[in-house]
Amino acid sequence: MPTPYETAIGSWTRRSTFFWAATGATVGLSNLWQFPYLARSHGGGAFILIYLACLLLVTLPLMLTETAIGRHSRHGIVLAMDGLIRSARQPRWWMWAGRLSILSAFLVLSFTVVIGAICLAYVFYGALGRFSPGDELGAAALLNDLVANPSDYREFMAWHGFFIVLVLWVSVQGVVGGLERALRVVVPGFLVLLLALLLFSARHGDVPAALQHMLSFRTDDVTWASLRAALFHAFFTLGLGMGVWAIFGSYMPAIAPLKRSVVAVVLMDTLIAVMAGLVLYALVLPHAPASGEQGFALLFLALPVSLAELPGSQFVTAALFLFVVLVAWTTSLALLEPVVGWFREWTGAPRGWSVFIIGSFTWFVGLGSMFSFNIWSDRVLLGGTLFRWLEIIASGLLIPVVSILLAVFVGWILTRSLAFRLIGKAPGLLARIWYWVLRVVLPLVVAMIGVSYSYASLRNLCDNGSSGVWCQPVEVTMPGLREPFNASGEAAETRKGGPGIDTPGPLDQRRPPRRPAPDREENAPNPEQMLYHSA
């Protein structure tokens, strides 16, 4: 058996495969249930321009860096970091950037397949006509029975296992015979399916209303919160910090154009998100004009109920959720690959055994996320289920930390000549912009994203009855004032509106009062529980 450092993990055979594989990796479920809502809420076309600027000027340089690291070393992210650390004669603790990226990919994969299982079930639900026109309560009950019913969780387990088998079946056939062949067929296939759904929505939906919501320039709706939302989505939608781009870069042929391919992938990801938003809103708005839903409410409640009123509803519903399944499936294949590649390079094991072992662990950990919605929904730690904590650790901690480590390592630790050699020939101005974004802008922006995401997630746990330290008010005594203030500068106690009357202070108005942990019947996924990024 070859030693870990001699294991050849594979390569693409065609130049265009990277584009199709990377498109499949970046087009995630957040493009369907998050991006349309953000565009609608933050100025339509104005938000899309801000989002593109955030992609091209902030997060694309990191995507290019990860891909270049893999292409330069022809290894996955762990061995790639090992080679660069040896070349630069740096401390070995920088290896944790690679190791944590593999861990983050595995955690995100473990609950992505759970969401993929729900999408797969909905393909069959739509084909069998399980949705009734105007019956959103019935659709909610159907989702609840599938996901959150503690007495019938075995059906959910079956869909979960079925979806994982579909992912492993492709991966086990190899980089060329499985991954490359599947992605070169499936990604163009779901693009054709998306175009067909767009044509259907143009005939049977309200495309002008969808265009008004998605693309009209409403600068009055653009605020600083819009910039923050654009940065968040631009960072998480590309699947950064999980080793995906390093492994895909290592598979790229030497003649494939690196920088042009990366830019094309980013633009295609945005185009697909816009098209998907037009399809969703064109079909939903005629039946729910005031709908401001996102996440599960949009995709699994409002959408199938709206489709049930259209001609050929069973076929159309099945086709639309088939598109969603393909999106989740290609995302899962992309997340699985860096973990399998790392395991092969670490152990020297054949690909078949590597896929089987990693797939088994994914299934086992995924059961924990799946059970968090039903039989384990009352097992919470500091207000969060196992699924919620895995999501917070991956999205709020691991991915930002890995991204910052990679940016600092390439921008500050490697020599300038080696850093520029990674990305190859580039116009001088663009190369300098990439370098200084990597050195200064990215660490600060990603740190802000990670801290904000973690803080918002932990505060959300407080509403579920968390007793964590982050839920306790921090009181500060200021000289000259008799009343203690909390960390935000507001009075820590309720203000008296008169004898025997308590008037809530600003803090109480901003955040709803705590409520006990929800019952199992309320534990169907909601937007606040779902991971934000590509998966």
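Contact here means heavy atoms within 4.5 Å. The structure is a predicted model, in which local features need pLDDT of at least 70, side-chain atom pairs count only at pLDDT 80 or more, and totals for chains, interfaces and linings use all residues. Residues are numbered from 1 along each chain as its sequence is written, and side-chain values use heavy atoms, with hydrogens and water left out.

**View 1. F248 and its contacts in the largest nonpolar core.** A nonpolar core is a set of buried Ala, Val, Leu, Ile, Met, Phe, Trp, Tyr and Cys residues joined through side-chain atoms within 4.5 Å. Buried means under 20% relative accessible area, exposed over 50%, and partly exposed in between (1.4 Å probe, protein chains only). The largest core holds 181 residues, and F248 and F300 touch the most other members. Helix α6 supplies the largest share of this core, 20 residues. With neighbours within four places in sequence left aside, F248 is in contact with W12, F18, A21, A22, A25, L179, A334 and E337.

**View 2. The whole chain, for orientation.** The chain has 20 helices and four strands; these are DSSP runs (helices H or I, at least four residues; strands E, at least two), numbered from the N terminus. Of the 535 residues in the chain, 59% are buried. Among contacts with a separation of 6 or more, 81% join residues 24 or more positions apart. The accessible surface is about 21,900 Å², and carbon and sulfur atoms account for 66% of this area. Accessible areas come from the Shrake-Rupley method with a 1.4 Å probe; for residues, only the protein chains shown count as cover.

View 3. pLDDT is the predictor's confidence in each residue, from 0 to 100. Its mean over the chain is 84, and 84% of the residues reach 70 or more. Over residues 1-7 pLDDT stays under 50, and the model has 15 contacts beyond four places in sequence for this segment.

**View 4. Helix α8 and its buried face.** The expected span of a helix is 1.5 Å times one less than its number of residues. For the 19 residues of α8 (residues 153-171) this gives 27 Å, and the end C-alpha atoms are 27 Å apart, which agrees. Buried residues in α8 are Y153, F156, W159, H160, F163, I164, V167, L168, V170 and S171. Seen down the helix axis, the buried residues of α8 fall within an arc of 165°, so they line one face; the arc is that of the directions from the axis to the C-beta atoms. Exposed residues R154 and W169 are carried on the face turned away from the buried side of α8. The partners against which the buried residues of α8 pack are α6 (96-127), α7 (136-147), α9 (175-204), α15 (313-347) and α16 (351-371).

**View 5. Helix α16 and T362.** The 21 residues of α16 should span 30 Å at 1.5 Å a residue, in agreement with the 30 Å between its end C-alpha atoms. Its buried residues, including R351, I358, T362 and F371, pack against α6, α8, α9, α15 and α17. T362 has a relative accessible area of 4% and is buried. Beyond four places in sequence, T362 is in contact with F106, L109, S110 and V113.

**View 6. A273 in helix α13.** A273 is found in α13 (residues 258-284) and is buried, with a relative accessible area of 1%. Apart from neighbours within four places in sequence, A273 is in contact with N31, F35 and M214.

**View 7. G241 in the loop between α11 and α12.** This loop joins α11 (224-237) and α12 (244-251). G241 counts as buried at 0% relative accessibility. G241 and G98 are 143 residues apart in sequence and 8.9 Å apart in space, C-alpha to C-alpha. Not counting residues up to four places away in sequence, G241 touches E66, S101, S104, I399, V402 and S403.

**View 8. Two loop residues with positive phi.** R89, in the loop between α5 (77-88) and α6, has phi near 55°, a positive value in a residue other than glycine. R89 is exposed, with a relative accessible area of 78%. L382, in the loop between α16 and α17 (386-413), has a positive phi of about 55° and is not a glycine either. L382 is partly exposed, at a relative accessible area of 33%.
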